[in-house]
Structure formats: structure tokens, C-alpha cells
Amino acid sequence: MKTKLWMLGMAVAALTSCTQSEVVELPESRVIKFESHVDKSTRAVTDLKVSTLTNYWVFGYHTNYTIDANTNAYTFAFDDDELNEVFNNNEIKLSGDSWTYEKDGYWSKGEMYRFAAYSNGNNQLDNVDYKPGADQLTFASYTVTDASVDGNKLDLIAAISGDRTGESGTTDVQLVFRHMLSKVTLTLINASANETLEFTNFKIAGISKQGTCTYNYTNHVISWSNLSNAEDFSYGDAIVPPVANSVTSHPLEFYMIPQSNNEK
């Protein structure tokens, strides 16, 4: 009887030791890292740039691939209904001189990866969806506030990376952010050397403030649809002081959903 109890005790001890040693540390070289750039497009806003981008949010998914023995072509498919998730609207923020990650992701051999990221004036959004199968990032019911509300300095930028294999994990994922909104600049000119030029409740009529933005990686096409909430777009007040012997200008800059405006 004592022998049987002793053997049972040894089995329990062995089972316990196994459950306590199942932590596997992955090498730092397999951690997924990102390198961000902001496109210098002249058609859109430029306020969010490398020097002012401090927070962005990422999506990432992976799927297995095969290689054709004759052509060396990769074959893979992302099923948007059954995704292998790496990141899902997780934050990456600047801390000092380096980027810190809310969640760590790791490269796996034999897997193909796709990533997308965005920043709304260094703020997070809820109505964002990335479909790796279509390689498409969608911002549903995105709303732009009046320029008179908190200065309206929200510059929406987004990036989608190219396909990456798990074997390429020693180099950072390149994220080239592109601007989703248009920037409008109106210049008020005061030619008087004596009088202050004042504008009260400056506004533009018939501007749609809400819509759905779709950014497709193919040809980097940015499109807006379902525009709604068309009303006056208010900037607020503006003052252009006089300057002796010169013309003083005062730019009014704000961000809008790209659209046509037929109001007179």
C-alpha cells in the first residue's frame, strides 16, 4: 500500500511540474515592429506628419501560404469570416524617442501577413474596419466637426502595408500614411493700415459633415460615400489686424470631407 501511494505521489508531482513550465519566451527578433511615414501629398491636409504623429492604431492578420514549385508564386487567401488576428485596433504610441506597443505580435514561418493603421489627429476611432481579404480599410459614419469646435485640428490619416511573409520578420513593416480628408484654406486680406478687419461667425453653406471613407490598397484609392448631414460649416470669428504700409493676410484653415459644393 505504501509503495502504491508513493508512486501516485510521484505522478502528481510530475504532472504539476509540467503545468508550471509551459511559458515559452519568443525571441525579440520575431516581434513585429512598424516604421511609419506620412505621405507629403499636396491634395490633402499636411498637419499630421512624422514630427507630430504621436499615436496610431493598427490591425494585423495572417494566413498560411504555399509556394508553387515551378513559378515560386505564393498562394494564400484571407477569409474575412475566419481571421487569424495579430492586432485589432491596438495602439502604438510615442514614448520619448521610441514607439511602445499596447500588444506584441510575432512572426510565424509559413504565414502571410497584412497590416493596416490609422490616426485621427492622434486619436482612436471606434467605427473602423479592416478587411485583409479585400485589403480595404473603412471608416463608417466619420464625422467632421465645425472648425469653431476645438479648432477642428483632426487630420485623418491611414496606411495599408504590402504582403509580408513570416520569414521576413527581421525588418520593420513600412507604413506609409495617406491623408483621407481635404484641407481648405481661405485667406482674408486686410489692406488697411489703420482699421482692424473682423469676421463674425464665418461659415460655408451646404457642407456634408458625415460620410463613409474607404481606403483600398490597390492603387491606393481613397473614396467617400454616403455623404449626409449637409448644413452650414462654421469657422467662428476671425480678426485681421492692420499693419502699416503693408497688406496683412489671415488664413482660415480647416478640414472637410472631399465633396462638391453647389451652394451660392
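**Talking through a predicted model**

Modeller: Let's start in the loop between β7 and β8 (136-143), which is where Asp135 sits. This is a predicted model.

Colleague: Is Asp135 buried or exposed?

Modeller: Asp135 lies in the loop between β7 and β8. Buried means under 20% relative accessible area. The relative accessible area of Asp135 is 6%, so this residue counts as buried.

Colleague: What is the phi of Asp135?

Modeller: Asp135 is not a glycine, yet its phi is positive. The value is about 50°.

Colleague: Which strand holds Asn89, and what is the phi of Asn89?

Modeller: Asn89 belongs to strand β4, residues 84-95. Asn89 is buried, at a relative accessible area of 15%. Although Asn89 is not a glycine, its phi is positive, at about 60°.

Colleague: Happy to move on to Ser161. Why does Ser161 count as buried?

Modeller: Ser161 is in the loop between β9 (156-160) and β10 (164-165). Leaving out residues up to four places away in sequence, Ser161 touches Arg114, Phe115, Asp135, Val173, Gln174, Leu175 and Tyr217. Ser161 counts as buried because its relative accessibility is 2%.

Colleague: Good to know! Which element has the lowest mean pLDDT?

Modeller: The protein chain averages a pLDDT of 81, and 81% of the residues score at least 70. Among the elements, strand β7 (residues 128-131) has the highest mean, 97. The lowest mean, 32, belongs to helix α1 (residues 2-19).

Colleague: How many contacts does the stretch of residues 1-27 have beyond near neighbours in sequence?

Modeller: The pLDDT is below 50 over residues 1-27. Beyond near neighbours in sequence, the number of contacts for this stretch in the model is two.

Conventions
Residues numbered from 1 in each chain as written. Predicted model: local features only at pLDDT ≥ 70, side-chain atom pairs only at ≥ 80, totals over all residues. Heavy atoms only, no water. pLDDT = per-residue confidence, 0-100. Helix = DSSP H or I, 4+ residues; strand = E, 2+ residues; numbered from the N terminus. Contact = heavy atoms within 4.5 Å. Buried < 20%, exposed > 50% of the residue type's maximum accessible area, 1.4 Å probe, protein only.
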